[in-house]
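Here is a friendly briefing to read alongside the structure. Take a look at the model, then follow the topics below.

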Amino acid sequence: MTKRTHRPVERYWPYVEKPEEPTAEELAALDPDLHATLFGPRDLPFSITVVFPPFEGENYARALDKAKASAEYLETGEGEARRHRARFFSTDALPLRDLFELVGPVPGTDVLIDDRPVPYTRELWLPLLWFHLLH
């Protein structure tokens with residue numbers, strides 16, 4: 001039997017330590033139903049969230065300014081998976097419309113109702129909101 005010349009450090013762990021609390025990115029990526037199950041229901045009013053990727057052109061800087069001025073702004077991901085999330089509440093119809101006019105045609109742009117993809121959001125929900133609140 002050979003005698004050990006060194007003893008392994010007990011702190012060594014070959015896996016990355018995960019933080020105990022989820023990050024803002026992880027929470028933003030959670031399905032709303034899963035979030036409600038894990039943490040309880042969110043106490044948020046009706047909201048519309050515009051999620052868009054970085055894009056080329058002069059409108060990108062303007063879109064970022066408008067997104068950062070939203071009620072809640074969050075940047076998630078890196079590289080090709082990078083997304084900008086701007087949440088607007090029903091009282092924010094004009095800023096929502098201004099942002100959507102800039103990023104609506106960009107491939108990869110999503111519009112979520114209460115953090116959920118809803119059919120006909122672009123074609124029905126947004127125009128109804130703008131018509132109802134702006135007229």
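The largest nonpolar core has 22 residues, where such a core means buried Ala, Val, Leu, Ile, Met, Phe, Trp, Tyr and Cys residues joined through side-chain atoms within 4.5 Å. "Buried" stands for under 20% relative accessible area, "exposed" for over 50%, and "partly exposed" for in between (1.4 Å probe, protein chains only). This is a predicted model, in which local features need pLDDT of at least 70 and side-chain atom pairs count only at pLDDT 80 or more, while totals for chains, interfaces and linings use all residues. Residues are numbered from 1 along each chain as its sequence is written, and side-chain values use heavy atoms, leaving out hydrogens and water.

**The core**
- F52, L96, L99 and V103 have the most contacts inside the largest nonpolar core.
- At least two core residues come from each of β1 (47-52), α3 (59-68), β3 (83-89), α4 (93-103), β4 (110-113) and α5; these helices (H or I, at least four residues) and strands (E, at least two) are DSSP runs, numbered from the N terminus.
- Helix α4 gives the most to this core, with six residues.
- Not counting residues up to four places away in sequence, L99 touches V50, F52, A63, K66, A67, A86 and F88, a contact being heavy atoms within 4.5 Å.
- In soluble globular proteins, nonpolar side chains tend to be buried together.

**Salt bridges**
- The structure holds four salt bridges, each defined as a side-chain nitrogen of Lys or Arg within 4 Å of a carboxyl oxygen of Asp or Glu.
- R87 and D115 pair through their side chains at 3.2 Å, N to O. R87 lies in strand β3 and D115 in the loop between β4 and β5, so the pair ties together parts that are 28 residues apart in sequence.
- Both R87 and D115 are buried.
- Salt bridges that share partners join E72, R85, R87 and D115 into one network.
- Another salt bridge links R82 and E75 (2.4 Å, N to O); R82 is partly exposed at 30% relative accessibility, and E75 is partly exposed at 31%.

**Two loop residues**
- S70 sits in the loop between α3 and β2 and is buried, with a relative accessible area of 10%.
- S70 touches A86, R87 and F88, not counting residues up to four places away in sequence.
- E80 lies in the loop between β2 (72-76) and β3 and is exposed, with a relative accessible area of 77%.
- E80 and P53 are 27 residues apart in sequence and 8.1 Å apart in space, C-alpha to C-alpha.
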